[in-house]
Amino acid sequence: MKFLEEIQKSIQGALRSLGFIEEEPGIILEKPRLKSHGDISTPIAMSLAKKLKKKPLDVAEKIVAAATFSKDIVASVEVAEPGFINLTLSPKILAENLLEILSRKGRYGSSELGRGEKFQVEYVSANPTGPLVLVSARAAAVGSTIVNLLNFIGYDAESEYYVNDHGSQIQALGESLRYRWREHSGMLAPDEEIGAYPGEYLKAIAEKIPAEKALEWEAEEDPLEKFGAFATGELLEQIKKDLDVFGIKFDSFYFESSLYPEWVERSEGIIENKAFAYEKDGATYFKSSQLGDEKDRVLRKSDGNPTYLLGDIAYHLTKLERGYKKIVDIWGPDHHGHMPRMKAAAVVLGAPQDWLEVDIVGWVRLIEGGVPVGMSKRAAKFISLRDLVEEVGSDVAKYFFLMRRANSPLDFDLDLARKQSDENPVYYVQYAHARISSVLKFAEGKGCEWDPKIANLGLLDSGAERALMVHLAFFPQVVEGAAITREPHRLAVYAQELAGLFHQFYQDHKIVSDDEAVASARLLLAEATMRVLRNTLELMGISAPSSM
RNA sequence: GACCCCGUAGCUCAACUGGAUAGAGCACCGGCCUUCUAAGCCGGAUGUUGCAGGUUCAAGUCCUGCCGGGGUCGCCA
């Protein structure tokens, strides 16, 4: 990372001395696709050529002539048609980077970029009205990885689960649980309806209700609320357990019910004071259309009850007052229509324009035998997170969720995920890690030593060795990019490439060579690779096995 | 109908802030284990990036229109 900044500075210095820039532009450095184009390339000359009214190639030549690159970092510089500047890294910087990996271990790739800024990522937040379904599982994998990434680059990021334990859906849940309880107790009326949640899972919960409790609730004025609260509590416990098995931990759970009435009333007051509210047909409306929404939204229904939106606004007011500098909400695809009104509300609450970021996780379809498996929370049959983890294991499930862009729809190939074989992409990466671990153990058994202080890393000069070192050197940049764009799939892509480069290296070279100097250099390279593979997997919450 | 997402190899997907000859995996064919893990490696075939325009030195990526798939559009959450 540091060497990339050095290179940027060198180029900027050249641009300044040539008088090409008034303000300093970001210098784009990228990894060329072709080996013949070096390790790093920049198209800066081409983007400047137009403003300067000069030929891109000439601009590039001038920049190269004016720039002074440290010999310790850049081995050679070339200008290529139609105006690229291509740099090749020096063996020295690659070796230094290897040493950095080995000394920083699990912290390699981390930085202070975020300066400890308070960040909150909210995800999953599924209603406690049933077991977690696959979209939630995907959101869990994506959200937790984003939190890990943000903390890794120096933000103070926390994860939170918003529990919708309030409102009409909970009443409906209470109705269904009451049905199950009456069914269980043989008290069912002949024409009684099961309500909105016919799933089998409420049966087990109904059986846990002590008879005297249920009778007590029945006698109260709002029995459905009591049944609903009981169901919510039980289901939330199950959700927590499922998340735990999946390896997902939240820093906090925030209950919607705790927002009533204070936070809700305060939020409403702020909106009213800023004249963004009005009355119509006995309901209170939010003038969200003035702030980019399609139309105005109801805050308080004509029956006096707040809407889900008002509750969510109140929830975001707590986020604002809890001091988060930036909020990321990760929502399911069914919520994207909610986005403009919530963003509008955040502005009215006094948040900066870009304070609230909403990222949408795409749908998950489970494919088995080439056909989609039907699923819906309200249908009797569905595939839950628990089913999935039992079926394929959490490493596989997470990897499948993380290997694609989060916002695009995902077809989860259950048959492929189930296979404990080379067809399954997860094992490709984990195998590389296990393989290195095993080689290191073998070398240790043979009495080999690989001390970074005395090794001659200059011996790592083959194509495969170099390619591996270069890729390792780009890890910090990949981490930063993945964190800032909230695209954790980049980690999976990176890990896949790194594993591939290692496997090639392994094939081409005997690591535990008879030549001791060569052996120790290669062992160091192998160990550094193992560290970075592990870092990548850990960020994704996936285990890095030492044997397979 | 309005709005949002998606459309890349037979299938599932990558392509970093617009960059050079669009890449992996799976599936298919052929090679490689008396040496550190063959869940691996090497080689082979596969493309009008949905279609049509536009912007520019450069477009899978940005803009417009169209086609196809999915989603949202409630005083539900």
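Modeller: Let us begin with burial, where buried means under 20% relative accessible area, exposed over 50%, and partly exposed in between, with a 1.4 Å probe and protein chains only. S125 has a relative accessible area of 13% and therefore counts as buried. This is a predicted model, in which local features need pLDDT of at least 70 and side-chain atom pairs count only at pLDDT 80 or more, while totals for chains, interfaces and linings use all residues. Residues are numbered from 1 along each chain as its sequence is written, chains are lettered from A and ligands numbered from 1 in the order in which they are written, and side-chain values use heavy atoms, with hydrogens and water left out.

Colleague: What is the phi of S125, and where is S125 found?

Modeller: Phi of S125 is near 40°, a positive value in a residue other than glycine, and S125 sits in the loop between β4 (118-122) and α5. Helices (H or I, at least four residues) and strands (E, at least two) are DSSP runs, numbered from the N terminus. A275 also has a positive phi, near 60°, and is placed in the loop between α10 and β7 (277-280); A275 counts as partly exposed because its relative accessibility is 46%.

Colleague: Which peptide bond that ends at P82 is cis, and what is its omega?

Modeller: The bond from E81 to P82 is cis, with omega near -5°, and P82 belongs to the loop between β2 (74-80) and β3. The bond from Y260 to P261 is cis as well, again with omega near -5°, and P261 lies in the loop between β6 (252-255) and α10 (262-273).

Colleague: How should I read the packing of helix α14 and α16?

Modeller: Axes are lines fitted to C-alpha atoms, for helices over the stretch in contact, and angles run from 0 to 180 degrees between N-to-C directions. Angles under 35 degrees count as roughly parallel, over 145 as roughly antiparallel, 65 to 115 as roughly perpendicular and the rest as oblique. Helix α14 (residues 394-402) packs on α16 at about 110°, with the axes 9 Å apart, so α14 and α16 are roughly perpendicular to each other. Helix α5 (residues 134-152) and helix α18 (residues 475-485) pack at about 125°, their axes also 9 Å apart, which means that α5 is oblique to α18.

Colleague: Which residues come nearest to RNA strand B?

Modeller: A residue is near a molecule or strand if one of its heavy atoms lies within 4 Å of it. Among the 72 residues around RNA strand B, those that come nearest are R404, Y428, Y431, R435 and S438. Helix α16 gives the largest share of this surface, eight residues. Of the RNA atoms within 4 Å of the protein, 59% belong to sugar or phosphate and the rest to bases.
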